[in-house]
Amino acid sequence: MIVKTLSSDHTIGWVVASFTTLAIVGLFLPNWVLNGTMFGLARGLAVLGLLLLWRTGLISFGHALYFGIGAYAVALLEKYTGVSDIFLRLAAALIAASVVGFILGFVLRNYRGIFFAMLSLAFSMVLYGVLIKSEALGSTDGFSVSQTTILGWQPETKYPLFLMIILIGALAAVGVHVYFRSALGHLTTAVRDNEIRVEYLGYSVARAIHLKYVFSAALTGTAGGLFAMALGQVDPDSMVNWTVSGELVFISVLSGPGSVAAPFIGAVAFEFLRTFAFELAPHAWQLIVGGTLLGIIFFLPRGLWSLMEHVLMRKERRRG
C-alpha cells in the first residue's frame, strides 16, 4: 500500500502552524473544551507511537501497558517522593516505559500479525492484574495526581499544562516525521513489504522492529504521564485495561496513517465524539461510536486525514 503524504517542508510547517494556532485558541476555550482537548492530544501522542508500528505492518492491542506505566510513574513518583515538577514526572514516565519496552521488545520482535497483537495484549493484562491486586499500587481505586508544577511554579489554571502538551505533541510529531525520512525510518515500509529483502541488504529486521517498538513505548508512556496530569487521577480501568488499548487502535483507524498530524486530529475528534455521544445517548453511546468507526472504514479507509490531505493537496495544485 502506498501512502500519499505532503512534502516534508509542508508537513512540518503545517504541524507547527496548527499547534501554534491551537495554543492561541486555547486562551478562549471554556474549561470543558480545554480538558477534552488535552485528553485528546495526550491520546494522540500515544497513537503517534502506534503509527510507528502500523507503518511497519504491526498492530498492538496492548499499548495500554505503556500508557499505564507512564501514568503510574507520575502518580507513584508523587506519592513516594512528593515530586510534582512536570519535567521530572515526564522523565520518569518516558524512562519507565522505554525500559519495559526495551525488555519486552526482545520477545515481541520475533512475532508478526495476530501473534504480535495478542501477545502485546497479554502483557498489558498482566500489568492490569498486578495493579488491581496490589494495595501498594492503589488496587482498583488508584491514586489522585495533584496539581502539576513547572520549575517550582504552580499555575492557577490548567492552561500552562495545555501549552506543555501542545509543545510536546508538536516536537514529537516533527521528530517522528524526520525519523520517517531518515535511513532507519525508510526501513519501516521496507520491513512491512519484504523482510527477506531487507535482510539481504544487510539490515537486521529484528533490531529495526525492536528499536521502533522502544520508540513507540516511549511516546506512549509520555502520553500516559501527560494524560494522568491532565485528568488528576490514575486507576487500572482508565489507564491499563484492554478497553484503553482498544480506544488507541480505534483512534488509529479513525485517524489514518497518512501523516504524523493525523493521530492528534483523530484523537481530539474521538474525545468529543464520545463526549457528545454519551450526552445524547447515555445507554447507547457505544453504538454511536461503533457506527462511526464502521462509516470511516467503509467510506474513508485511509481515515480522517485523507479529507485533510485532499484539501491541502488541492491548495498545492492551485498554487502550482
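What you see is a predicted model, in which local features need pLDDT of at least 70, side-chain atom pairs count only at pLDDT 80 or more, and totals for chains, interfaces and linings use all residues. Residues are numbered from 1 along each chain as its sequence is written, and side-chain values use heavy atoms, with hydrogens and water left out.

Let us begin with helix H2, which covers residues 31–54 and holds Thr37. Helices here are DSSP runs of H or I with at least four residues, just as strands are runs of E with at least two, and both are numbered from the N terminus. Thr37 has a relative accessible area of 6%, so it is buried.

Ala46 is buried because its relative accessible area is 0%. Not counting residues up to four places away in sequence, Ala46 touches Phe67, Thr220, Ala223 and Leu248. Its C-alpha atom is 19 Å from that of Val16, a residue 30 places away along the chain.

In one of them, the side chains of Arg43 and Glu247 meet at 3.6 Å, N to O. Arg43 lies in helix H2 and Glu247 in helix H11 (residues 242–255), so this pair ties together parts that are 204 residues apart in sequence. Are these two residues buried or exposed? Arg43 counts as buried because its relative accessibility is 7%, and Glu247 is buried too, with a relative accessible area of 18%.

Another salt bridge joins the side chains of Glu271 and Arg274, again at 3.6 Å, N to O. Both lie in helix H12 (residues 262–280), 3 residues apart, which is about one turn of the helix. Glu271 is buried at 7% relative accessible area, and Arg274 is buried at 17%. Through shared partners, salt bridges join Arg43, Glu247, Glu271 and Arg274 into one network.

Now turn to Glu195 and Arg112, whose closest N and O atoms are 2.5 Å apart in a salt bridge. Glu195 lies in helix H8 (residues 195–200) and Arg112 in the loop between H4 and H5, so the pair ties together parts that are 83 residues apart in sequence. Glu195 counts as partly exposed at 28% relative accessibility, as does Arg112 at 27%.

The axes of helix H4 (residues 86–108) and helix H5 (residues 113–133) come within 11 Å and cross at roughly 145°. Here, Leu104, Val107 and Leu108 in H4 meet Phe116, Leu119, Ser120 and Phe123 in H5. By class, this contact has 6 nonpolar, 1 polar and no charged residues; Ala, Val, Leu, Ile, Met, Phe, Trp, Tyr, Cys and Pro count as nonpolar, Asp, Glu, Lys and Arg as charged, and the others, Gly among them, as polar.

Terms used
Buried means under 20% relative accessible area, exposed over 50%, partly exposed in between (1.4 Å probe, protein chains only). Axes are lines fitted to C-alpha atoms, for helices over the stretch in contact, and angles run from 0 to 180 degrees between N-to-C directions. Contact means heavy atoms within 4.5 Å. A salt bridge is a side-chain nitrogen of Lys or Arg within 4 Å of a carboxyl oxygen of Asp or Glu.
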